[in-house]
Amino acid sequence: MEDFVLKFGVDWKLLLSQVVNFLILLVILRLVAYKPIIEILKKRKAHIDEGLANADAADKRLSEIEILKRGQMAKAEAEAQALMKATEDRAKDREAELMTAANKKVETALAEAKKLILAKRAESEAEIGKEAVAMVKEALLKTVALDPSAVHEALVKEALAKVSEGETF
C-alpha cells in the first residue's frame, strides 16, 4: 500500500494537514455562514408561505367582496328602479294636476276673454250706434233741408232701425 501511495505522490503529513484545515474551515463556515444562511432561508420561506397564505386569504376575501358587491348592486338597481317608478308615478300625478290647473286657467281665461269681447262688442255697438245716429241725423238734415231743431230724435232712431233691418230709402 505504501508503494501505491508513493507512486501517486501522496504525502501523508500534507494530506493530514489539509484534512485538518478542511475540517476547521468546515466548522468555521458552519458556524459563521451556514447556520445564518439557513436561518435566513427559513425566515424567507416562512415569509413567502405567509405571503401565499395572505394572498389566498385576500383572494377568498376578494371573492366574498365580489359576491357582496353583486348583491349590493342588484339591491341598489332594484331600489333605483323602484325609485324611478315612484318618481314616474309622481310625475304623472303632478302632470295630471298641472293639466287640470292649466285647463281651469284656460277656461277662466276664455270666460274672461268672452266677457271682455262681449263688453267690447257692446261698447263698439254703442259707439257705432252713436255714430250712426249722428250720420243719419246729418244725412236727414242734408236731404230734407229741414231746420236741425225740428229733426226729432225719434225720427233718427226710426231711420236707424230701418237701416239696421236692411231697408233702403
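The axes of helix 2 (residues 12–144) and helix 3 (residues 153–164) cross at roughly 110° and come within 9 Å. Here axes are lines fitted to C-alpha atoms, for helices over the stretch in contact, and angles run from 0 to 180 degrees between N-to-C directions. Helix 2 and helix 3 are therefore roughly perpendicular to each other (65 to 115 degrees; under 35 counts as roughly parallel, over 145 as roughly antiparallel and the rest as oblique).

This is a predicted model, in which local features need pLDDT of at least 70, side-chain atom pairs count only at pLDDT 80 or more, and totals for chains, interfaces and linings use all residues. Residues are numbered from 1 along each chain as its sequence is written, and side-chain values use heavy atoms, with hydrogens and water left out.

On the helix 2 side, the contact is made by G129, A132, V133, V136, K137 and L140, which meet E153, L155, V156, A159 and L160 in helix 3. Contact means heavy atoms within 4.5 Å. The residues of this contact divide into eight nonpolar, one polar and two charged. Ala, Val, Leu, Ile, Met, Phe, Trp, Tyr, Cys and Pro count as nonpolar, Asp, Glu, Lys and Arg as charged, and the others, Gly among them, as polar.

The chain has three helices and zero strands; helices (H or I, at least four residues) and strands (E, at least two) are DSSP runs, numbered from the N terminus. Its C-alpha trace spans about 185 × 35 × 25 Å along the principal axes. The radius of gyration is 62 Å, whereas a compact globule of 169 residues would have one near 15 Å. That radius is taken over C-alpha atoms, and the globule rule is 2.2 Å times the number of residues to the power 0.38.

Of the 169 residues, 4% are buried (under 20% relative accessible area; exposed is over 50%, partly exposed in between, with a 1.4 Å probe and protein chains only). A132 lies in helix 2 and counts as buried at 18% relative accessibility. E50, also placed in helix 2, counts as partly exposed at 48%.

Two C-alpha separations follow.

| Pair | Apart along the chain | C-alpha separation |
|---|---|---|
| A132 and V163 | 31 residues | 9.5 Å |
| E50 and T100 | 50 residues | 72 Å |
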